[in-house]
Structures are given as structure tokens and as C-alpha cells.
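Please keep the sequence and model at hand while reading.

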Amino acid sequence: MADVKYTRDHEWIRLDGDVGVVGITTYAQSQLGDVVYVELPAIGRRLEKGAEAAVVESVKAASEVYSPVGGEVVAVNDALEAAPALVNEDAEGKGWFLKLKLADPAELDQLMTEQQYKDYLATLS
């Protein structure tokens, strides 16, 4: 799998050229429960690092999804409108939320590696 980076808010970003694919982690979706609705940003919207990028609603709660890095939204996962449960089925694959053209790729260096994220999760239990 490509190099994936993680945030403390349980978002992930996987780089594909100069575009980052963004979603929530398997841990995050397991905490939310059954996802029933996803609100995605408009294509062309510029997001700052840490800004609200999307909203995910589950049977338990609504939660914001924050942009791991700054950039411009170049695509969204339209499949989530009809099938928000894709987030539960494959949070770090088919359940992706959006694609960002990175404003500053160096911001990726401030995120956690997969091992750092696993270590972080271990501190939460």
C-alpha cells in the first residue's frame, strides 16, 4: 500500500502524485458505528490544514472530518451519497471522502506514520 499518513483526529491521507486521497480511519468508523450520511465539500473548495472538510453522521453521532493538509478539493467520492455504509465496509479504501491537490506537500511531514498512529491508538485504550 502507498505511504499513508494519519492525524490525531483519525483522518488518513494517501498521496497519489500531487493529490492526496482523504478519509477517516477504520478506528474512527468503528467509534461512530453505522454511517448513515456523509456531507462532502464542493469541488474547487480550498481547505486549510485542520479545517472542516466533510461531515459524517452515524446512528450514534455526527462528526466533522478535518483536512489533514491544505489544498484544493479536486474530487469527492459521490458513491457515498447513495451508499454511506461504504465508510463502514472499507474506511481506508472505497470509503474515501475527497481528493486534495496539495498546497504544501511539506505539511505531510507533520502527520503520523502508520506505526506512529498505531502507537497513538494504543494510548487511547
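Which order do the strands of the open sheet of six strands have? The order is β1-β2-β3-β9-β8-β5, with antiparallel pairing. The model is a predicted one, in which local features need pLDDT of at least 70, side-chain atom pairs count only at pLDDT 80 or more, and totals for chains, interfaces and linings use all residues. Residues are numbered from 1 along each chain as its sequence is written, and side-chain values use heavy atoms, with hydrogens and water left out.

**Sheet of six strands**

- Helices (H or I, at least four residues) and strands (E, at least two) are DSSP runs, numbered from the N terminus.
- Two strands are said to pair if DSSP finds at least two bridges between them.
- The edges of this sheet are β1 (4-6) and β5 (46-47), each of which pairs on one side only.
- Strand β8 (residues 71-76) pairs with strand β9 (residues 98-102) in the antiparallel sense, over five bridges.
- In this pairing, valine 76 stands opposite leucine 98 in β9.

**Sheet of three strands**

- A second topic is the open sheet of three strands, with the order β4-β6-β7 and antiparallel pairing.
- Its edge strands are β4 (35-39) and β7, and each pairs on one side only.
- From one strand to the next, the twist averages 25 degrees (axes are lines fitted to C-alpha atoms, for helices over the stretch in contact, and angles run from 0 to 180 degrees between N-to-C directions).
- Strands β6 (residues 52-58) and β7 (residues 62-66) are joined in the antiparallel sense over five bridges, and they form a hairpin with three residues between them.
- Glutamate 57 has alanine 62 in β7 as its bridge partner, while the partner of glutamate 52 in β7 is tyrosine 66.

**Aromatic pairs**

- Rings of Phe, Tyr and Trp (its six-membered ring) pair if their centres lie within 6.5 Å; planes under 30 degrees apart count as stacked, over 60 as edge-to-face and the rest as tilted.
- By this rule there are two aromatic pairs.
- Tyrosine 6 and tyrosine 117 form a stacked pair, at 4.6 Å centre to centre and with 10 degrees between the planes.
- Tyrosine 6 lies in strand β1 and tyrosine 117 in helix α4 (residues 114-124), so this pair ties together parts that are 111 residues apart in sequence.
- The pair of tyrosine 117 and tyrosine 120 is tilted, because the ring centres are 6.4 Å apart and the planes are at 40 degrees.
- Tyrosine 117 and tyrosine 120 both lie in helix α4, three residues apart, which is about one turn of the helix.
- Tyr6, Tyr117 and Tyr120 form one aromatic cluster.
- Tyrosine 6 and tyrosine 117 are buried, and tyrosine 120 is buried as well (buried means under 20% relative accessible area, exposed over 50%, partly exposed in between, with a 1.4 Å probe and protein chains only).

**Tryptophan 96**

- Tryptophan 96 is found in the loop between α3 (86-89) and β9.
- With a relative accessible area of 18%, tryptophan 96 is buried.
- Lysine 99 lies over the face of tryptophan 96, at 5.1 Å from the ring centre (a charge sits over a ring if NZ of Lys or CZ of Arg is within 6 Å of the ring centre and within 35 degrees of the ring normal).
- Not counting residues up to four places away in sequence, tryptophan 96 touches residues including Trp12, Val21, Val22, Val76 and Leu80 (contact means heavy atoms within 4.5 Å).
- Glutamine 115 is 19 residues from tryptophan 96 in sequence, and the two are 21 Å apart in space, C-alpha to C-alpha.

- Threonine 25 is found in the loop between β3 (19-24) and α1 (26-32), and is buried with a relative accessible area of 0%.
- Residues up to four places away in sequence aside, the contacts of threonine 25 include Tyr6 and Tyr117, with His10, Trp12 and Glu92 also among them.
- Leucine 100 lies in strand β9 and is buried, with a relative accessible area of 0%.
- Beyond its neighbours within four places in sequence, leucine 100 is in contact with residues including Val19, Val22, Leu47, Val69, Val73 and Val74.
- Leucine 100 and aspartate 9 are 91 residues apart along the chain, and their C-alpha atoms are separated by 18 Å.
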